[in-house]
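Please look at the sequence and the model before reading on.

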Amino acid sequence: MAVYRRGYQRYNEGLTSHAARLMVMPRFTWERMLSQKFVLILLVVSMFWPLLCAGFVYLANHSELWQGFDGGFKKFLAINGNFFSIFMKAQSVYALILASVAGPGLIAPDLANNALPLYFSRPLTRGDYILSRMIVLLGLLSMVTIVPGLLLFGMQAGMAGGDWFWQNWYLGAAILAGFALYIVTVSLVALTSSAYVKWRVVAGAMVLAFFFLLAGAAEMVNEVFRVEWASVFNIGYAMNTVWAGMLDLEIPDEKPGVWECAIFIGALAAALLALLARKLRAVEVVK
Amino acid sequence: MSPVIEVDSLRVKLGRREILQGISCRLGISGAGKAIGLLGPNGAGKSTLIQALLGFHKPSAGRARILGFDCHSQAREVKARIGYMPENDSFIGDMTAVAFLRLMAEISGLPKAAALEKAHEVLFHVGLGESRYRQIGTYSLGMKQMAKLAQAIVHGPELVILDEPTNGLDPAARQRMLQLIKEMKEQHGMNVLLCSHLLTDVELVCDEVVILKDGKIVHQSDLEAERKSNRRFVQLDVNGDDRNLAAALREVGAEGISEAPGQWRIVLPADVEIGSLWRLAARERLQIRKLTHRKDTLEEIFLKAVGHIRQTPGATPAEVPAHGRL
């Protein structure tokens, strides 16, 4: 029977699981997000560098293509921690730009339209809401970080053989864990910015500014007090140091080490989460 | 039979202010499809009570239960069984109504296909069928109110909490909204908690009423019982010699007192028909000029409960008891 003739009947059948409900908001948001041309263009552009790196891996594993070159070129073509570190640094810039474009539209419209009471009057807690919104960004940013990173690693392992894989498996783990840490941090910055700044453009600019301002402040402290420890507040530096530790690369002794940087990133993530939870309430209470 | 809403010494503090000051009540009967009116002057604590029931505020003492589940510790179970229509505009402006309803239904736990079906169904039900593919941001105020009602019932909840549902509606839309609320309880068996400033809305729709003032319940009553009790109270104006009317009324089992020459107040027992008054008047050769059923309107109940009047106009003066029961 046509729906307009049937009339309203209460729904009395089975309900979906809590995990399925958590994925509802990301599904709706991805649908809308991927219909935006700018997001699609950014996604396509962010694939150029991984494709270039894939060509590099192919070249490195086909010595017949560079037989006339000297040993220095062979060293240049080595696929090791340094190669993946460069790949991750470049790809993280795309992820940051993507987060600054996609992130501001996630929470600000809900706050502007007073939609939070509708979500929170359903079986969805504040934690669930934040997680749902995080999943949107985590999914999107993984497409330009973890997915191409692991594909590159898999391509290299496939071409170089089992021996290379067993000697370098930690590189794959570093790509996964390093990028995961990065995209969680970037997502939290983008969501917090979206929760506190109404205008999308300003919120997007805030995401980028957050990274550059902290870096600038850290360098200023280093210069004024002639110290090195303030570098830990530079998120870019802190993230690169943690990645370097995971990829088994050398870290300068005078600068903050892996653990200091990891603790700073953890504390920053906790602070951002607390700020988000503070802002996201079903009703605003005037005390 | 278990109540729909059970509040026990509930206290809610917002900052330093105690908004709800230890209120207790049992409202509705689970599965009976009753409507409960929540009334009170501005600042009485109505919205805070609703928000506490929705689990938005943590009680500083006492507890609130909906359909047997604690509103704070079992919030997920409670929220799976309720629908909420907020007072203020709440929607996602750049979504079509059908997408918005589908999203809300899926978050409430409906599978994809069922959510889409119910979204269409409920939009036709509230009269937005023809505009269901328009973005909600482009809707008029009345249409937005209907969309808010639609999202509150799309998942078929057992209890629907409506906060000022007729706000900003023109008379025709208001009638439509009240009709929909009546249908929700009478045809679909939903329980309704209706918070409104419009006493006539509550009177038209609700079976029970709770009146709050300064964070306390000052009156709670069964409106249906009040209506029935008042139905037998008659005011009669007659022309002619009415000296024997009191005795004549006693003959048929009724009681009557003369308030002024030709003006009578009569209490009819349940088994005495109103027609017997006409027969008595004819026998006593009295001309009936006016015969009205007198009853306390909700407005009078409300004004007495909040202390604006001490008694029903024209009724025998009576003290408003300290606990607020009238």
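Helix α12 of chain A covers residues 162-196, which is 35 residues. From the first C-alpha to the last, α12(A) reaches 50 Å, close to the 51 Å expected at 1.5 Å a residue. There is a bend of about 65° in α12(A), located at A:N168. All of this refers to a predicted model.

## Chain A

Chain A contains 15 helices and zero strands. Its C-alpha trace spans about 80 × 60 × 30 Å along the principal axes. Of the 287 residues in chain A, 38% are buried. Among contacts in chain A with a separation of 6 or more, 78% are between residues 24 or more positions apart.

One residue of chain A can be followed in detail. A:A215 is part of helix α13 of chain A, residues 200-225. Is A:A215 buried or partly exposed? A:A215 counts as partly exposed because it has 17 C-beta neighbours inside 10 Å, while a buried residue needs 20 or more. Leaving aside neighbours within four places in sequence, A:A215 is in contact with A:N234 and A:G236. The C-alpha atom of A:A215 is separated by 9.4 Å from that of A:A230, and these two residues are 15 residues apart along the chain.

## Chain B

Chain B has 11 helices and 14 strands. Buried residues are 43% of its 326 residues. For contacts in chain B between residues at least 6 apart in sequence, 65% join residues at least 24 apart.

The domain assignment divides chain B into domain 1 (5-222) and domain 2 (232-293). The C-alpha centres of domain 1 and domain 2 of chain B lie 46 Å apart.

### Strands

An open sheet in chain B is formed by four strands in the order β2-β1-β4-β5, with antiparallel pairing. Its edge strands are β2 (17-27) and β5 (69-70) of chain B, each of which pairs on one side only. Strand β4 of chain B (residues 61-66) runs antiparallel to β5(B), and two bridges join them. Within this pair, B:I66 stands opposite B:F69 of β5(B).

Elsewhere in chain B, β6(B) pairs with strand β7 (residues 159-163) in the parallel sense, over four bridges. B:Y84 has B:I161 in β7(B) as its bridge partner. What covers the picture on the two faces of β6(B)? Both faces are covered: B:I82 and B:Y84 are buried on one side, and B:G83 and B:M85 are buried on the other.

B:R26 is placed in strand β2 of chain B, and B:K216 in strand β10 of chain B, residues 216-222. B:R26 is partly exposed, because 14 other C-beta atoms lie within 10 Å. B:K216 is also partly exposed, with 17 other C-beta atoms within 10 Å.

Not counting residues up to four places away in sequence, B:R26 touches B:P3 and B:E6. Under that exclusion of residues up to four places away, B:K216 touches B:Q21 and B:I23. 

The table lists C-alpha separations for some residue pairs.

| Residue pair | Separation along the chain | C-alpha distance |
|---|---|---|
| A:A215 and A:A230 | 15 residues | 9.4 Å |
| B:R26 and B:R65 | 39 residues | 9.5 Å |
| B:K216 and B:E284 | 68 residues | 52 Å |

## Where the chains meet

How many residues does the contact take from chain B and from chain A? The contact takes 37 residues from chain B and 30 residues from chain A. On the side of chain B that touches chain A, at least two residues each come from α2 (75-79), β6 (82-85), α3 (97-107) and α4 (112-125) of chain B. Of these, α4(B) gives the most, with seven residues. Sorted by class, this side of chain B has 17 nonpolar, 14 polar and six charged residues.

Notes. Residues are numbered from 1 along each chain as its sequence is written. Chains are lettered from A and ligands numbered from 1 in the order in which they are written. This is a predicted model: local features need pLDDT of at least 70, side-chain atom pairs count only at pLDDT 80 or more; totals for chains, interfaces and linings use all residues. Two residues are in contact if their C-beta atoms, placed from the backbone, lie within 7 Å. Ala, Val, Leu, Ile, Met, Phe, Trp, Tyr, Cys and Pro count as nonpolar, Asp, Glu, Lys and Arg as charged, and the others, Gly among them, as polar. A residue is buried if 20 or more other C-beta atoms lie within 10 Å of its own, exposed if 12 or fewer, and partly exposed in between; C-beta atoms are placed from the backbone. Two strands pair if DSSP finds at least two bridges between them. The expected span of a helix is 1.5 Å times one less than its number of residues. The bend at a residue is the angle between axes fitted to the seven residues ending there and the seven starting there. Domain bounds come from an automatic or database domain assignment.
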